[in-house]
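I set out to record what I looked up in this structure, entry by entry.

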Amino acid sequence: MSEGTMQRRAQRDDQSDRTDRSEPGVLTDGGGRRVRRASRAGGVNRALAAAAALPVLLFAAACSSDSGSDDSAGSGSTARADSGGSSASETASAAPTVQAAAFKALPKACATLSAKTLTELVPKAKAKQGTSTDPEDRASCSWSSLDNNGVKGSQFRWLNVSLLRFESDATRGAGDRLAQEYYAKQVKDAQAVAGAKGTTSQAVAGTGDQATVVRYDLKKKEGAFKQQTVVARVENVVVTVDYNGAGLAGDKTPSADTLVKAAEKAAKEAVASVRAANGEGNGGAASGGSTGKPSASASPSKSSTASSAPSASPSVSPSASAAKAAVAGASPSTSHNS
């Protein structure tokens, strides 16, 4: 090798060393050749690997975020739905409602019976209107009659019709149920009159939703009285008819069977009058005894709106005390409240 060649090679090696020292991280092989290509390829591979991993991480993060959002939204919706349902249920249970009372009015008590019926039961009698602070809910009327037969004595008759209407109330209950309770109480009271003899009871057909007649004998100083009490319920109204008779001053005692039939007839007319006062059928007084047709015990069709007002009906039974007969000193007593 010539000296010139060796000199040129030494210059190249010196230049290569300077270049390698000016570029940190660049390696050379044993012959002084740089291996930058390999280094550069490794960096590219690492960059590609990082770029490939980045979408995977972003996708995983997005899925995790969406899942959390859906769960949270679902839980919130369910909670709101549950809360809303619970609130609606509590509101409904906190405001109970009852079926509206079927009948809203009562007829005038002294006009519940026809003139023909009154002539048969209490001839030549004058009506006596009962006092009431609330005629829409309670009313009564009585008639007393003395048929004087001279030396043969006389026949005494006393008739009383009382009406009581019950309004539906959210606290106390539906009007027809309250009327049923009062009806049962009236029948029981009639069966437990002090001093009554031979008390019997039986159902009466074709008179409102339910009706019972209670009959017994009652001995008084004026004579032996035959007492008939008919208690009837039509929807939310209770009708009580008291009818008694006696033979005074030696006249014969009236037939109990005849008096019972007369009392039942009066009760049918009174029930028909209640219906007529509320727009159903014909009144008993106007039709001369039309009884109308019994309705279902708890008919919801009579009124379309539920009553929200407090009950206007009294919580205690009305007192329709027996009228005192002002004839010949007689003072018959029906012995029970109606």
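The entries below concern a predicted model.

**Entry on serine 168.** I first located serine 168 and found it in the loop between β3 (154–165) and α4 (175–191). The backbone oxygen of glutamine 99 is reached at 2.6 Å. A polar atom of the serine 168 side chain also lies 2.9 Å from the backbone nitrogen of glycine 175.

**Entry on the nonpolar cores.** I looked up the largest nonpolar core, which has 33 residues; Trp143, Leu159, Val239, Val241 and Tyr243 touch the most other members. Two or more residues each come from α3 (115–121), β2 (138–148), β3, β5 (210–220), β6 (223–234), β7 (237–248) and α5 (256–277). Helix α5 supplies the largest share, nine residues. Another core lies apart from this one and has 14 residues, including Ala179, Tyr182, Val187 and Val214.

For valine 241 I listed the contacts, leaving out residues up to four places away in sequence. I noted Leu159, Asn160, Val161, Gln228, Thr229, Val230, Ala263, Ala266 and Ala267.

**Entry on aspartate 257.** I found aspartate 257 in helix α5 and recorded it as partly exposed, at 47% relative accessibility. I then looked up its pairing with arginine 215: the two side chains are joined by a polar contact of 2.8 Å.

Conventions: Residues are numbered from 1 along each chain as its sequence is written. This is a predicted model: local features need pLDDT of at least 70, side-chain atom pairs count only at pLDDT 80 or more; totals for chains, interfaces and linings use all residues. Side-chain values use heavy atoms; hydrogens and water are left out. Helices (H or I, at least four residues) and strands (E, at least two) are DSSP runs, numbered from the N terminus. A polar contact is a pair of N or O atoms within 3.5 Å; within protein, one must be able to donate a hydrogen and the other to accept it, and residues adjacent in sequence count only if both atoms are side-chain atoms. A nonpolar core is a set of buried Ala, Val, Leu, Ile, Met, Phe, Trp, Tyr and Cys residues joined through side-chain atoms within 4.5 Å. Buried means under 20% relative accessible area, exposed over 50%, partly exposed in between (1.4 Å probe, protein chains only). Contact means heavy atoms within 4.5 Å.
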